[in-house]
Amino acid sequence: SELRKISASPTSFRLTEKFILLLVFSAFITLCFGAIFFLPDSSKLLSGVFFHSSAVETNTRTGTDSDSNVAVGTEEKILTKIRKDHEKALVEAKDTLQKRPDEIKQDIQDEKDKVLKEGKGGKDYNNLPVIEYVRPPGATGHEPSDPETKERRAKIKEMMTFAWDSYKRYAWGSNELRPVSKQGHSSNLFGSIKGATIVDALDTLYIMEMFEDFDMATEWVEKNLDFNVNAEVSVFEVNIRFVGGLLSAYYLSGKEVFRRKAIELGEKLLPAFKTPTGIPWALLNLKSGIGRNWPWASGGSSILAEYGTLHLEFMHLSKLSGNPAFAEKVMNIRKVLNRLEKPQGLYPNYLNPNSGQWGQHHVSVGGLGDSFYEYLLKAWLMSDKTDEEGKKLYYEALQAIETSLMRKSSGGLTYIAEWKGGLLEHKMGHLTCFAGGMIALGADGAPEDKTGHQMEQASEIARTCHESYARTSEYSKLVQK
């Protein structure tokens, strides 16, 4: 028994000794690293010492002993500061070593949280200005009295339900559903942001009183919608689908998650406006803030329908965030456009964001131009008809379109042609068909009693679009025969 005690004691002592040595060594390494990290900027230190050493040598050569003494004194101050920095570093390192392991872990976690927050922009979107929410009247809870209207309404809801259920089943969380292959698809227009269909459908789900689906979509937005991506997005597409969808959902439901997300994304889009003119880039990397234009767009130009389709959302972002920058950006676009001379009063589709000059003189109310005109009208209506500038710009543009682009075919169909370099191209694209609804919407506020005239124009354009579909169907039947 005594032999076992004697033999065990030296072994136990050696383990203890090793443990103590390890602690001492760890403390020494920590102190060394702490001293290194808390040293002042070495480049500044060396430059300061070198400068003052040179001053001493120069003053010695010229015989100015008093100046030399001043330089030496300054050198001593620098050395004193270095000693103090070292002492401070040693004290902080010693304090760290005296903390309990759980306290050290908490400090590390706090530092991680701080870095993560800074990486996400460093802003807490839970502390936005208080906004008094007022639910819009008439959005839900009403049935049409007319049986035919009621039947049409039910059919539209049936179509929406079919499409939404298919999306949920085959592509939930993806940006889109490919209906033939029944697979989810995420277009690169949105970078790596997901859920475009979910966000874009929020207002429709609410208005159609599909509240269970609306709640499911809301939960997905809260848990999964993430804008902290290192990816290039289309500013236009992300704005109209995501920012617009979130704003509509907020105004209909009053749920704060939609306001927070809309403002967060809006702030990530602001770097797109960092151009010499303030006309935004078409494409933007949400992490780096670097923007560019489509390489095919007339020498690197911005596109009318893209930079002209930000106004509604950005005005509301300023209202809901208290940040005037959003409104200032889109109002500046108007200033740039107002300074430019417009050929025959028309707006070309391309504008160089660096020079502030038009690119190729191509005018279209369809693709590349369409929603610019729509947003001028809706900006006036959205402002409760106080945005007189928006009203003026819209009706002047519509007059130029009627004069220079609107024509009637030999078969009596009214259409809106395209204009390239002063020459008309007598064709009307599919995307121009929205113009019938736009002109009808604005007819009520038309100047000089043109309401009836504009309603007639709207009807004729809608008829042309209907005929284009009907006749295409008839042509297809003939080809099949």
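Thr-277 is buried in this predicted model, with a relative accessible area of 16%. Buried means under 20% relative accessible area, exposed over 50%, and partly exposed in between, with a 1.4 Å probe and protein chains only. Thr-277 sits in the loop between α9 and β4 (283-285). Helices (H or I, at least four residues) and strands (E, at least two) are DSSP runs, numbered from the N terminus. Leaving aside residues up to four places away in sequence, Thr-277 touches Asn-332, Val-336, Pro-353, Asn-354, Ser-355 and Gly-356. Contact here means heavy atoms within 4.5 Å.

The model is predicted, and local features need pLDDT of at least 70, side-chain atom pairs count only at pLDDT 80 or more, and totals for chains, interfaces and linings use all residues. Residues are numbered from 1 along each chain as its sequence is written, and side-chain values use heavy atoms, with hydrogens and water left out.

The protein chain has 16 helices and 12 strands. Of its 481 residues, 38% count as buried. Among contacts in the protein chain with a separation of 6 or more, 62% come from residues 24 or more positions apart. The accessible surface of the protein chain is about 28100 Å², and carbon and sulfur atoms hold 57% of that area. Accessible areas come from the Shrake-Rupley method with a 1.4 Å probe; for residues, only the protein chains shown count as cover.

Helix α7 (residues 211-224) has 14 residues. From first C-alpha to last, α7 reaches 19 Å, close to the 20 Å expected at 1.5 Å a residue. The expected span is 1.5 Å times one less than the number of residues. Buried residues of α7 are Asp-213, Phe-214, Ala-217, Thr-218, Trp-220 and Val-221. Seen down the axis of α7, these buried residues fall within an arc of 160 degrees, so they line one face of the helix. The arc is that of the directions from the helix axis to the C-beta atoms. The buried residues of α7 pack against α5 (147-171), α6 (196-207), α8 (235-253) and α9 (256-269). On the other side of α7, Glu-212 and Lys-223 are exposed.

The model contains 1 disulfide, defined as a pair of cysteine sulfur atoms within 2.5 Å. It joins Cys-433 to Cys-465, with an S to S distance of 2.1 Å. The link of Cys-433 and Cys-465 is left-handed, at -105 degrees about the S-S bond. Cys-433 lies in the loop between β12 (423-425) and α15 (434-443), and Cys-465 in helix α16 (residues 451-480), so the pair ties together parts that are 32 residues apart in sequence. Cys-433 is partly exposed, at 22% relative accessible area. Cys-465 counts as buried, at 7% relative accessibility.

An open sheet is formed by 3 strands in the order β8-β11-β12, with antiparallel pairing. The edge strands are β8 (362-363) and β12, each pairing on one side only. Two strands pair if DSSP finds at least two bridges between them. Strand β11 (residues 418-420) pairs with β12 in the antiparallel sense over 3 bridges. Glu-418 stands opposite Glu-425 in β12.

Ala-417 lies in the loop between β10 (414-416) and β11. Ala-417 is buried, with a relative accessible area of 0%. Its contacts, not counting residues up to four places away in sequence, are Leu-405, Leu-424, Glu-425, His-426 and Lys-427. The C-alpha atoms of Ala-417 and Met-428 are separated by 5.5 Å, while the two residues are 11 residues apart along the chain.
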